Amino acid sequence: MRIIVPIRQILDPQGFTVSRRHERIFVNREEYLVQPADRCALEAALRIKDAAADLTGLAAGPEVVALPRSPLPDDDVLRQALAAGADRAIYLTGDGFEAADEAVMVRLLTAAIERLGGADLVLTGATTLDTGQGQLGPRLAEALGCPQIVAAWQVTVRGDEGAAQGTVQAVVQENGEYVTVEADLPAVVTVLPGALKPRYPDGARLINVYKGDGEIAEMLEQWDVADLVLADEPLQPLVERRGRDFPPERERGARVSGTPEEMAQTAANELKKRLRR
């Protein structure tokens with residue numbers, strides 16, 4: 001069984017501030033982190049792997065493969081996924097890939113999954129922290145032609161000896177109640193941020209991932225996007241980036257004094273002045 005987990009890297013929101021006066025976002029500390037929803041998706045995949053290993057008594061459970069959910073400035077988040085327990089990670093590079101949007105990423109992920117030999121389960125974050133988008137899961141399910149479960153709190157797999165016989169169960173919230181829904185494998189499931197508590201990576205594994213020693217060095221691969229798509233089908237994003245727009249700076253008010261009638265008259269006169277502008 002193969003589980004695919006697309007992972008996105010974003011700027012730490014605590015590292016920047018917004019200035020309305022200058023109409024700019026100032027990055028005070030450029031630090032990146034794994035998107036919270038994607039961390040929960042990775043944890044769900046690793047729990048499925050652990051449960052299968054405990055059931056069979058074998059050290060090796062389902063294969064967990066981490067892929068980029070968006071263009072990554074480096075392979076740091078993929079190394080973190082390997083340190084947490086993923087079996088394989090693939091770093092995508094290439095010209096024209098830097099501005100990829102959700103539509104482009106669906107094409108690339110679909111091609112990467114086909115090159116890997118298919119996937120029995122795709123787990124990804126339900127929403128993105130920086131843009132709030134939740135399109136990747138549904139679009140990927142449509143491209144792969146498989147069922148989907150969105151906004152899951154918990155994910156389990158039953159009968160994972162073969163994808164044709166297996167099913168995935170997920171706990172979702174409907175009308176204020178938690179219910180369990182089921183879909184046949186292969187399937188796509190999106191996991192909500194905060195659904196699961198991600199594990200800490202093993203210390204020795206973390207060191208080996210960044211040192212590149214031993215077998216773990218072979219777990220991180222680098223693929224060129226030109227090998228995944230045809231040359232006559234350019235990776236043209238559908239999203240047009242228009243920059244940032246800020247509302248006008250809030251005007252400071254004035255303090256008035258006097259009797260209630262005098263203060264009401266002052267406020268009325270000020271409103272008349274603003275209406276004349």
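Reader: What average pLDDT does the protein chain have, and where does the score stay under 50?

Author: This is a predicted model, and pLDDT is the predictor's confidence in each residue, from 0 to 100. The protein chain averages 84, and 86% of the residues score at least 70. The score stays under 50 over residues 160–164, for which the model has six contacts beyond four places in sequence.

Reader: Which elements have the lowest and the highest mean pLDDT?

Author: Strand 4, residues 24–27, has the lowest mean, 75. The highest mean, 96, belongs to strand 13, residues 187–191.

Reader: How many helices and strands does the protein chain have, and what share of its residues counts as buried?

Author: There are six helices and 14 strands. Of the 277 residues, 39% count as buried. As for contacts in the protein chain with a separation of 6 or more, 69% of them are between residues 24 or more positions apart.

Reader: Is helix 3 mostly covered or mostly uncovered, and what covers its buried residues?

Author: A residue is called buried when its relative accessible area is under 20%. By that test helix 3 is mostly covered, with 12 of its 15 residues buried. Among them are Glu102, Val104, Met105, Leu109 and Ile113. The cover includes strand 1 (2–7), strand 6 (63–68), strand 7 (88–93) and strand 8 (121–125). Helix 4 (136–144) and strand 14 (220–224) also take part in it.

Reader: How many residues does the largest nonpolar core have, and which of them have the most contacts inside it?

Author: A nonpolar core is a set of buried nonpolar residues joined through side-chain atoms within 4.5 Å. The largest one here has 44 residues, and those with the most contacts inside it are Leu121, Leu123, Val155 and Val168. Its largest share, seven residues, comes from helix 1, residues 36–56. A second, separate core of 27 residues includes Ile4, Val106, Ile113 and Ala141.

Reader: With which residues is Leu121 in contact, leaving aside its neighbours within four places in sequence?

Author: Its contacts include Met1, Ile3, Ile4, Ile48, Val157, Val168 and Leu185. Ala187 and Val189 are also in contact with Leu121.

Reader: Does Arg69 count as buried or exposed, and where is it found?

Author: Arg69 counts as buried because its relative accessibility is 0%. It is found in the loop between strand 6 and helix 2 (76–84). Leaving aside its neighbours within four places in sequence, Arg69 is in contact with residues including Asp38, Glu102, Met105, Thr124 and Gln133. Glu102, which is in contact with Arg69, is one of the buried residues of helix 3.

Reader: How many aromatic pairs does the structure hold, and why is the pair of Trp153 and Tyr178 edge-to-face?

Author: The structure holds one aromatic pair. Planes over 60 degrees apart count as edge-to-face. The rings of Trp153 and Tyr178 have their planes at 80° and their centres 6.2 Å apart, so the pair is edge-to-face. The pair links distant parts of the chain, 25 residues apart: Trp153 lies in the loop between strand 9 (148–152) and strand 10 (154–158), and Tyr178 in strand 12, residues 177–184. Trp153 is partly exposed at 27% relative accessibility, whereas Tyr178 is exposed at 52%.

Reader: Which residue lies over the face of Trp223?

Author: Arg115 does, at 4.0 Å from the ring centre.

Reader: Is the peptide bond from Leu185 to Pro186 cis or trans?

Author: That bond is cis, with omega near 0°. Pro186 lies in the loop between strand 12 and strand 13.

Reader: What phi values do Ala151 and Asn175 have?

Author: Ala151 has a positive phi of about 60°, although it is not a glycine. It lies in strand 9 and, at 27% relative accessibility, counts as partly exposed. Asn175, also a residue other than glycine, has a positive phi near 55°. Asn175 is placed in the loop between strand 11 (167–174) and strand 12, and it counts as exposed at 82% relative accessibility.

Technical notes:
Residues are numbered from 1 along each chain as its sequence is written. Side-chain values use heavy atoms; hydrogens and water are left out. Buried means under 20% relative accessible area, exposed over 50%, partly exposed in between (1.4 Å probe, protein chains only). Helices (H or I, at least four residues) and strands (E, at least two) are DSSP runs, numbered from the N terminus. Contact means heavy atoms within 4.5 Å. Rings of Phe, Tyr and Trp (its six-membered ring) pair if their centres lie within 6.5 Å; planes under 30 degrees apart count as stacked, over 60 as edge-to-face and the rest as tilted. A charge sits over a ring if NZ of Lys or CZ of Arg is within 6 Å of the ring centre and within 35 degrees of the ring normal.
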